Amino acid sequence: GMANKTSALENACTSALGRALRWAFAGSKGPSREEMQKVSRAVPAPDDLTEKLEAVISIDGLQRIYEQGVAAGWMTEDVRVLFTARKAELKDA
């Protein structure tokens, strides 16, 4: 996801700490069922998404890309943040 693109080390450390705490207090050494289901469902956003967002010139155009992301399954919270920021830029323009 986007977290690994922008903060890979921090994400890895947080994950490792969570696994260590779970192992220490719950006796589990592996990922939870929920974690594995989340990873198996994850669909990566297109590599050119940032360029597409920068190129869009209207909120209607932004909405169309957003709807494509929802339909394709790559609309994660990290990606929503990008859309929100671009929408604010378009409103200010």
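Modeller: Happy to, starting with the surface: a patch is made of residues with over 30% relative accessible area and no salt bridge, with like charges joined within 9 Å and nonpolar side chains (Val, Leu, Ile, Met, Phe, Trp, Tyr) within 5 Å. A salt bridge here is a side-chain nitrogen of Lys or Arg within 4 Å of a carboxyl oxygen of Asp or Glu. This is a predicted model, so local features need pLDDT of at least 70 and side-chain atom pairs pLDDT 80 or more, while totals for chains, interfaces and linings use all residues. Residues are numbered from 1 along each chain as its sequence is written, and side-chain values use heavy atoms, without hydrogens or water.

Leu-17, Leu-21 and Phe-25 form a nonpolar surface patch of about 370 Å² (Shrake-Rupley areas with a 1.4 Å probe; for residues, only the protein chains shown count as cover). Phe-25 sits in helix 1, residues 2-26 (helices are DSSP runs of H or I, at least four residues, and strands are E runs of at least two, numbered from the N terminus). With a relative accessible area of 73%, Phe-25 is exposed (over 50%; buried is under 20%, partly exposed in between).

Now for the interior. The chain has five helices and zero strands, and 14% of its 93 residues are buried. Its largest nonpolar core has ten residues, among them Leu-49, Trp-74, Met-75 and Phe-83 (a core joins buried Ala, Val, Leu, Ile, Met, Phe, Trp, Tyr and Cys through side-chain atoms within 4.5 Å).

Two residues show how the packing looks from inside. Beyond neighbours within four places in sequence, Met-75 is in contact with Tyr-66, Gly-69, Val-70, Arg-80 and Phe-83 (heavy atoms within 4.5 Å). Arg-86, in helix 5, counts as buried at 15% relative accessibility; leaving out residues up to four places away, Arg-86 touches Leu-53, Glu-54, Val-56 and Leu-62.

Finally, there is one aromatic pair (ring centres within 6.5 Å, using the six-membered ring of Trp; planes under 30 degrees apart are stacked, over 60 edge-to-face, the rest tilted). The rings of Tyr-66 and Phe-83 have centres 5.4 Å apart and planes at 80°, so the pair is edge-to-face. Because Tyr-66 lies in helix 4 and Phe-83 in helix 5, the pair ties together parts 17 residues apart in sequence. Tyr-66 is partly exposed at 25%, whereas Phe-83 is buried at 5%.

Methods. Buried means under 20% relative accessible area, exposed over 50%, partly exposed in between (1.4 Å probe, protein chains only).
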